Structures are given as structure tokens and as C-alpha cells.
Amino acid sequence: MAISIKINKTPQSRVHLVDFDNIQFGTIFSDHMFRVDYKDGEWKDAQILPYGDISLAPSLSALHYGQAIFEGMKAFKNPEGGAQLFRPTENLHRLNISAKRMAMPELPENIFMEGLKQLIKLDEKWIPTKIGSALYIRPFMFATDDFVGVRPSKTFSFIIFTCPVNSYYPKPIKVLVEEKYVRAFDGGIGSVKAAGNYGSSMLPTQEAQQKGFDQIIWTDGREHEYVEESGTTNLFFVLGDKVLTPNLDGTILQGVTRNSCIKILKEKGFTVEERKISMKEIVEAYDNGLLKDAFGTGTAAIIARIAGFNYKGKEYILPPIEEREISNLLYDTLGGIYTSQMEDKFNWIVKI
Ligand code: COI
């Protein structure tokens, strides 16, 4: 069903002020945002308005109790100059899984897709075209009740804003295998994109960065033995001729890029195993010269090659980037599909 969106355009676009060759991730915001509010059991007042501050009550429940979820997506330009999205309904699907877990209302597909398409169309001049760059899209939902008691909010806002970005990681990353802190536990919220998952990762990541690492690799909460995900990506390891990634056991985010990489690799005939991966197995493979590649996958990071990792105080250095058959193949294939320079065999692209 078509929805009606009230549009209030900015009187003066800021796009001409942007130096698209020098963008730091997440610092520049395009002209408009989409907003829809939930009240009395329904989503209403869909609008597109200039990007800018929003007014919030000090007692806003999202700020106190973290009833807040988000998504990450991207828009690209195709060779004809048209704007397009990559698997947007997968993000909506995950948003609604997160909403359910956090006792928040689901967002109907027509509101999400119509708001998203109209927003991207309006700000399509903000989509960068350099290889590796894109218009990053941040949909998010938060509880807005002006109430301090602990119970699910009755009102919510859903907003989408966008920002032109280059690569999240400009170079391969050095990671620390985390053995003190825990990201998620069985029955918790590790598999959904809840704001609190990221808030609780700040201190462990900061401590790792102070030691010279770019990121951490989370391990399971029971034994700190099985790898889970990094602070910003899902993880893949290439052991011999097998590609391994941790299975979605309830503590790991269901990454859209993760799922796309598995599909691409299987279609190309590679063996991909989704299962528990122990640090013992990774270290043994390394010692036997079988650890060929390790990388993170995510919307923002796309493919983040792991240059090396530290485990129990020992440094492990991975092969040079030119030798990384799998991560290079995935980076090139995803980039080709994103921008329609390669065949979209899976029908992932949605043109606007
Ligand atoms: C994304 O990849 O879109 C994410 O949401 C990760 C974020 C921490 C940048």
C-alpha cells in the first residue's frame, strides 16, 4: 500500500561543500532525513525533512534503558548514473527481528521502502562514485516515552539519515583476541543490532587500541575459546581449501554481507563451513602453514582483511594481501555487484 510522505526540502543543499576524495567515515551527513513516529499503536506522520537536531525529553526511555536498535546499509551509483540499493529488505527483516527482541514495534515494509527510496532519490547527488565509496544509510528506531519507570515504551521514532563514506578501514587491520570481556551470551541480545551491544564494546576496544590494535575479536562467554565476531564485522577464516565462519548460534549478528559472501563463495564452488571455530584450530592451522586468509565482513567495512592477530600475547602474521585469494575475490565481486559492473546473479540490487 502506498504511503504519503510529507516532504520539507532544505532551502540550500550542502553537497557542493563536500570534498568527496577526503571523507572520514561517518562525519558528513547529507541534506535530508526520513522520519516516522509510532503512537497509539500505529506508525504515522511520515516525513522527509532537512537533516538536523531533534528535540528529546530528558526522561526519554531510549537514553536510560537502551531500547534502541539500528541498521547499516548502502546506496551506490550504477554505470548509467542511477541510484541503487543492496538487499534492502534483508535489513528490514533484521530490523524487525531486533525490534521483536527489544519489545519494539515492527516497521511495515511499505513505510521502510518508500521512505528509503524517496530519501535516496532526493539526495542522490550525495552518492559518491569512487571505488570503495558509497552512501552509507543509517536506519534506527528508539523508544520515546517521556517516562522513567522500566517498561517497554509506548511511543517510538524511526529515522533514516545518510552519509557519503569511503572505506571504514583504509588498511588491513591488526586485531586482539579478547579473553577478558564478553560481548554476548546465550539468551542475550548478541544476535540483534541493539545499540547496547556497541556501547558495551567501547571499553574493550579502547583498551585494545591503546595497545596498538585496530579491533578485537570477541570469543565465547563460557571458555573464551570459540571466535564470535569483531567489534564491527562478522569473521571468516580460510584454512587450507575450506572457508570457515562462526555459525549463527544466537550470540552472533546475522550479517547481510556475511550471508552474501557465503552465497558468492558457494556459487563459485568453494566449501564454506558455518560452525564453531576454536582458537586452537586457528593456531594449529597457522603453525602448519594452512591459515591462508582471515577477514571481517560488514556493510560499513565490506571486507576488512586481518593483517595479523594477537592471541595470549603471541603475534600471528597473515599472508600479504596480494596472496589472499578469497578476500580479494569477495571484495571485487561485492564491489562489482554493488555498482552493477558485474552480473547480479542473485537479484540483490534494487534500483531506485
Ligand atoms: C555496519 O557495518 O553497517 C555497522 O553497523 C557496523 C558499524 C559498527 C559501523
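Predicted model: local features only at pLDDT ≥ 70, side-chain atom pairs only at ≥ 80, totals over all residues.
**Stop 1: the shell.** Select the ligand, then bring up the residues around it: Phe70, Gly72, Tyr136, Arg138, Tyr168, Lys193, Tyr198, Thr232, Thr299 and Ala300. Colour them by class and you will find five nonpolar, three polar and two charged residues. Now colour by domain: domain 1 (6–166) and domain 2 (173–338) each supply at least three residues of this shell.

Stop 2: Zoom in on Tyr136, where an N or O atom of the side chain is 2.5 Å from a ligand oxygen. Next, show the backbone of Thr299 and Ala300. A polar backbone atom of Ala300 lies 2.8 Å from an oxygen atom of the ligand, and for Thr299 the distance from such a backbone atom to a ligand oxygen is 3.3 Å. How much of the ligand does the protein bury? Of the 280 Å² that the ligand exposes when taken alone, the protein buries 90%.

**Stop 3: the cavities.** Finally, look inside the protein, where there are two cavities of 30 Å³ or more. The largest cavity has a volume of about 70 Å³. To find it, select its lining: Gly72, Met73, Lys74, Phe76, Phe86, Asn91, Val256, Thr257, Thr299 and Tyr338.

Conventions:
Residues numbered from 1 in each chain as written. Heavy atoms only, no water. Near = heavy atom within 4 Å. Polar contact = N/O pair within 3.5 Å; in protein donor to acceptor, adjacent residues only side chain to side chain. Areas by Shrake-Rupley, 256 points an atom, 1.4 Å probe, with all protein chains shown as cover. Nonpolar A, V, L, I, M, F, W, Y, C, P; charged D, E, K, R; others polar. Domains from an automatic or database assignment. 1 Å grid on protein atoms, 1.4 Å probe; cavity = no way out; pocket = protein on both sides within 12 Å on 5 of 7 lines; lining within 4 Å. Points joined across faces, edges and corners; volume = space filled by probe spheres on them.
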